[in-house]
Amino acid sequence: MILSCQNISKSFGTDLILDHISFHIEDHEKAAIVGINGAGKSTLLKIITGELAPDEGQVAISRTKTLGYLSQLATVSSGNTIYDEVMEAKKDVIEIYHRMKALEQEIQHASGDALESALNAYARLTHAYEDANGYAINSEVTGVLTGLGFDETEFSRKVDELSGGQRTRIALGKLLLSKPDIILLDEPTNHLDMSSISWLESFLKGYKGAVIIVAHDRYFLDKIVTKVIEIDRHKGHVFSGNYTDYAQKKAQLRQIELKAWQNQQLEIRHQEEVIAKLKSFNREKSIKRAESREKMLAKIERLDRPAEENASMQLLLEPSVVSGNDVLMVEDLAKSFGSLQLFSHISMDIKRGEKVALIGNNGTGKTTILKIINGLVPADSGTIRLGAKVHIGYYDQEHQLLSQEKTIFEEISDAYPSLDNTRIRSVLAAFLFTGDDVFKCISELSGGERGRVSLAKLMLSDANFLILDEPTNHLDMVSKEILEDAVRNYTGTVLYVSHDRYFINTTATRILDLTEGGLKNYPGNYDQYLEKQANPVTSGTGGGFDKQRGSQTPDALKASSGQTSESSAKADYQRQKEEAARLRKRQNDIAKIEKRIDDIEQRIAELDALLSDEQVYTNVSRLMEINDEKSALDEELLELMEKWEALESE
């Protein structure tokens with residue numbers, strides 16, 4: 001164990017943020033801290049680094065271990081070039097190099113004891129230099145800079161000339177090259193494109209030290225972490241596995257907690273009914289028994305009802321008019337800004353019901369394509385045609401379609417004048433705007449709040465073709481999951497740009513990859529896109545796919561369908577048959593366990609009732625018999641719960 005947090009608590013004024021949070025990190029472990037926006041994730045990182053002091057609890061770091069931290073607002077400012085600034089992370093190694101060079105000069109003129117002393121010192125320095133990988137620092141720095149999205153032609157640019165996002169990438173590069181024993185990263189993927197995020201994944205997976213990450217990029221977390229520390233309603237909970245494992249276990253635990261709460265509520269109501277019945281007899285004995293039951297009921301530790309899953313935001317997207325089968329046809333599209341050509345000869349067809357993700361590196365023109373389709377930016381050449389009865393709903397990542405001078409309420413009521421106040425308020429409440437919040441001015445809102453207003457407007461529209469530009473930006477994980485669910489179940493058509501690979505993976509039916517070579521088509525989700533990239537023979541760049549149109553040709557469909565041999569079909573059928581049999585057995589086992597759990601819970605309730613019976617609790621032998629039976633049932637119930645959880649997780 002190299003890091004331990006014990007009972008960390010923190011409040012700001014009267015607002016409790018963290019309440020007795022405890023966890024530990026082992027050497028080489030990769031962990032994520034997750035929670036809704038405002039849960040206290042960044043606060044916890046700052047407490048670990050010592051930037052903030054906890055109100056209670058302590059952080060213990062192994063004495064010999066070093067710690068490096070990248071905040072969300074991390075930046076650098078200097079007159080250095082990009083390359084020289086990042087090389088600053090290696091100044092200790094460079095210092096060793098200069099001392100070695102000085103000793104080389106000294107050795108040439110030394111003799112006797114002085115020579116022997118210089119040679120020994122040189123040997124020690126050479127060993128330290130080799131341990132620090134000194135002979136490869138130039139290639140190491142170059143590798144990190146190119147991995148983070150800097151072209152070698154940019155290395156000589158001055159840091160002070162760069163954008164805020166580029167400076168944050170330089171700060172990240174310096175941190176990675178300094179190789180601390182524990183790396184703390186707060187939203188490290190915010191300023192990275194997909195290829196840079198993939199590079200960072202590989203770097204961190206192979207990193208020899210420990211890593212703690214706060215990130216909303218669930219795909220990124222899935223690839224790296226083996227532990228998840230959740231902050232939920234100020235409390236900390238630790239889960240083993242990656243983000244998907246955590247999400248599944250969280251859902252299972254919630255079901256178990258909900259079942260326990262429901263059972264307790266049933267038992268409480270039953271006891272209350274028995275007490276009321278006993279009191280209604282209005283006899284001394286029955287009243288005493290009622291009072292005895294009331295005392296027992298008062299001693300019960302009441303369970304809190306588990307929070308509703310995805311209760312923070314409700315999003316329903318459903319078109320009121322069905323479009324034709326052909327939704328969008330784009331032919332030979334081109335766009336330049338001055339001497340910079342973004343793209344040319346771009347063509348695509350989108351059919352009704354498709355969920356198409358448009359991906360590509362930063363600066364390739366993805367957002368510009370969406371704006372051209374929406375008529376916000378003119379194309380240099382090419383044609384765009386919409387199908388019959390197609391109505392577009394556009395979500396702009398910059399939220400330029402919102403009027404800055406209007407309030408939230410006015411933004412919705414002006415866009416949909418037929419809606420009454422009650423309907424507007426109910427829609428805004430679904431997006432977390434309640435009470436006087438609805439009268440906030442758009443110009444005063446954060447990026448996440450503006451995003452929620454834009455999504456509210458989109459929900460109320462009669463669109464059947466949604467065009468979304470980075471819809472998950474500034475949303476917390478719960479809100480992202482709700483949006484994913486809505487897009488997946490949407491019966492209309494969706495075209496979107498996103499860097500959120502988890503969102504793409506769970507919603508896309510097709511991916512269009514915008515590169516310098518044009519638009520490449522990949523049917524399926526993001527995982528399938530990666531598989532096809534790893535096996536180019538089957539990717540959208542060949543195998544009968546029209547590279548420019550981004551759709552599969554009829555000839556290719558016919559050829560691909562004819563390639564399935566009779567033997568492989570039989571093998572597939574046999575595998576499906578075996579899998580179906582395994583699934584049926586698992587379902588039967590689950591059903592049997594659930595039936596036995598219900599029987600045990602019913603019997604335990606009966607025993608609890610017996611323990612309240614005067615004839616029983618005055619009979620020692622009978623009392624012991626009931627207690628023994630109840631203990632055995634409790635033990636069996638625990639074993640069954642564990643078996644049920646194991647079967648469900650399969």
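**Salt bridges and buried residues in a predicted model**

Lys65 and Asp27 form a salt bridge in which the closest N and O atoms are 4.0 Å apart; a salt bridge is a side-chain nitrogen of Lys or Arg within 4 Å of a carboxyl oxygen of Asp or Glu. Lys65 lies in the loop between strand 4 (56-61) and strand 5 (67-70), and Asp27 in the loop between strand 2 (15-25) and strand 3 (30-34), so the pair ties together parts that are 38 residues apart in sequence. Helices (H or I, at least four residues) and strands (E, at least two) are DSSP runs, numbered from the N terminus. Lys65 is partly exposed at 27% relative accessibility, and Asp27 is partly exposed at 33%. Buried denotes under 20% relative accessible area, exposed over 50%, and partly exposed the range in between (1.4 Å probe, protein chains only).

The model is predicted, with local features requiring pLDDT of at least 70 and side-chain atom pairs counted only at pLDDT 80 or more, while totals for chains, interfaces and linings use all residues. Residues are numbered from 1 along each chain as its sequence is written, and side-chain values use heavy atoms, with hydrogens and water left out. The mean pLDDT (the predictor's confidence in each residue, from 0 to 100) is 85 for the protein, and 90% of its residues reach 70 or more. Over residues 538-565, pLDDT stays under 50.

The structure holds 31 salt bridges. One of them joins the side chains of Glu484 and Arg218, at 2.4 Å from N to O. Glu484 belongs to helix 15 (residues 477-489) and Arg218 to helix 8 (residues 218-224), so that distant parts of the chain, 266 residues apart, are linked. Both Glu484 and Arg218 are buried. A further salt bridge pairs Glu625 with Arg622 (3.0 Å, N to O). These two residues are three apart in helix 21 (residues 620-649), and are therefore separated by about one helical turn. Glu625 is partly exposed at 46% relative accessibility, as is Arg622 at 27%. Salt bridges with shared partners also join Arg218, Lys480, Glu484 and Asp500 into one network.

Asn464 is located in the loop between helix 14 (447-460) and strand 15 (465-469). Asn464 is buried, with 2% relative accessibility. A polar atom of the Asn464 side chain lies 2.8 Å from the backbone nitrogen of His391. Beyond neighbours within four places in sequence, the contacts of Asn464 (heavy atoms within 4.5 Å) include Pro319, Ser323, His391 and Tyr490.

Conventions:
Polar contact = N/O pair within 3.5 Å; in protein donor to acceptor, adjacent residues only side chain to side chain.
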